[in-house]
Amino acid sequence: MNSKQILDGPALLQKIRRIAFQIFENNFEEKEIIIAGIVGEGFSLAQLLCQNILEISSIKAQAVAIQLNKDIPYESPVQFDCDKSIFENKVIIVVDDVLNTGRTFSYSLAPFLSMHVKKIQVAVVVDRNYRKFPISADYIGYQMSTTLSEHVEVVLSDKSRLGVYLR
């Protein structure tokens with residue numbers, strides 16, 4: 001299957017840096033924020049956002065991995081790679097590479113509803129606008145309209161292929 005590159009590596013990194021600045025602007029009074037990335041490219045995005053936020057601000061940004069089965073999220077529990085107590089009274093930014101139907105985000109946000117957090121925000125590299133669940137992103141790197149049969153792939157973990165691709 002042919003892939004068409006939508007964003008190359010430098011353009012993708014520029015979008016991520018812009019998201020980091022937006023996060024800082026909206027949370028400049030915070031001492032610490034948690035950036036929780038959905039395992040896969042979402043966690044890679046969380047790590048890059050933390051790195052950028054640490055470079056541009058005095059906010060302590062910590063990346064946390066959210067583990068869930070994207071194919072059947074309703075059958076497996078959502079888990080974190082840390083103790084849940086770190087979320088207490090913090091701003092949480094949940095991130096993933098692509099927001100499509102909102103299903104994955106809906107399940108990944110569920111555990112935060114039983115915690116005392118200050119605020120929850122959502123960040124994505126690509127927003128495809130095919131909502132089936134009531135999720136919207138606070139921070140968007142790139143919006144694109146695609147057909148339902150097309151697949152958007154964001155590559156952050158493989159530096160040799162860094163970019164956004166449409167298949």
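This is a predicted model: local features need pLDDT of at least 70, side-chain atom pairs count only at pLDDT 80 or more; totals for chains, interfaces and linings use all residues.
**View 1. Helices H1 and H2 cross each other.** Let us start with the pair from the opening question. The axes of H1 and H2 come within 9 Å and cross at roughly 60°. That angle makes H1 oblique to H2. On the H1 side, the contact is made by Leu13, Ile16, Arg17, Ile19, Ala20, Phe21, Ile23 and Phe24. Their partners on H2 are Leu45, Leu48, Leu49, Asn52, Ile53, Glu55 and Ile56. A helix has 3.6 residues a turn, so residues three or four places apart point the same way.

**View 2. Helix H2 is largely enclosed by the rest of the structure.** H2 covers residues 41-56, which is 16 residues. From its first C-alpha to its last it reaches 23 Å, close to the 22 Å expected at 1.5 Å a residue. Of the 16 residues of H2, 12 are buried, so the helix is largely enclosed. Among the buried ones you can find Phe43, Leu45, Ala46, Cys50 and Ile53. The buried residues of H2 pack against H1, S2, strand S3 (60-67), S5, S6 and strand S8 (152-155).

**View 3. Six strands form an open sheet with mixed pairing.** Reading across the sheet, the order is S4-S3-S2-S5-S6-S7. Strand S4 (79-80) and strand S7 (139-143) are the edge strands, each pairing on one side only. Further in, strand S5 (residues 91-99) and strand S6 (residues 119-127) pair in the parallel sense over eight bridges. To find your place along this pair, look for Leu99, which stands opposite Asp127 in S6. Helix H1 (residues 9-26) lies across strand S2 (32-38), S5, S6 and S7. H1 runs at about 155° to S7.

**View 4. Three strands make an open sheet with antiparallel pairing.** Here the order is S1-S9-S8. The edges are strand S1 (4-8) and S8, and each of them pairs on one side only. From one strand to the next, the twist averages 20°. S8 and strand S9 (residues 163-166) pair in the antiparallel sense over four bridges. A handy landmark is Glu153, which stands opposite Tyr165 in S9.

Notes:
Residues are numbered from 1 along each chain as its sequence is written. Side-chain values use heavy atoms; hydrogens and water are left out. Two strands pair if DSSP finds at least two bridges between them. Helices (H or I, at least four residues) and strands (E, at least two) are DSSP runs, numbered from the N terminus. Contact means heavy atoms within 4.5 Å. Axes are lines fitted to C-alpha atoms, for helices over the stretch in contact, and angles run from 0 to 180 degrees between N-to-C directions. The expected span of a helix is 1.5 Å times one less than its number of residues. Buried means under 20% relative accessible area, exposed over 50%, partly exposed in between (1.4 Å probe, protein chains only). Angles under 35 degrees count as roughly parallel, over 145 as roughly antiparallel, 65 to 115 as roughly perpendicular and the rest as oblique.
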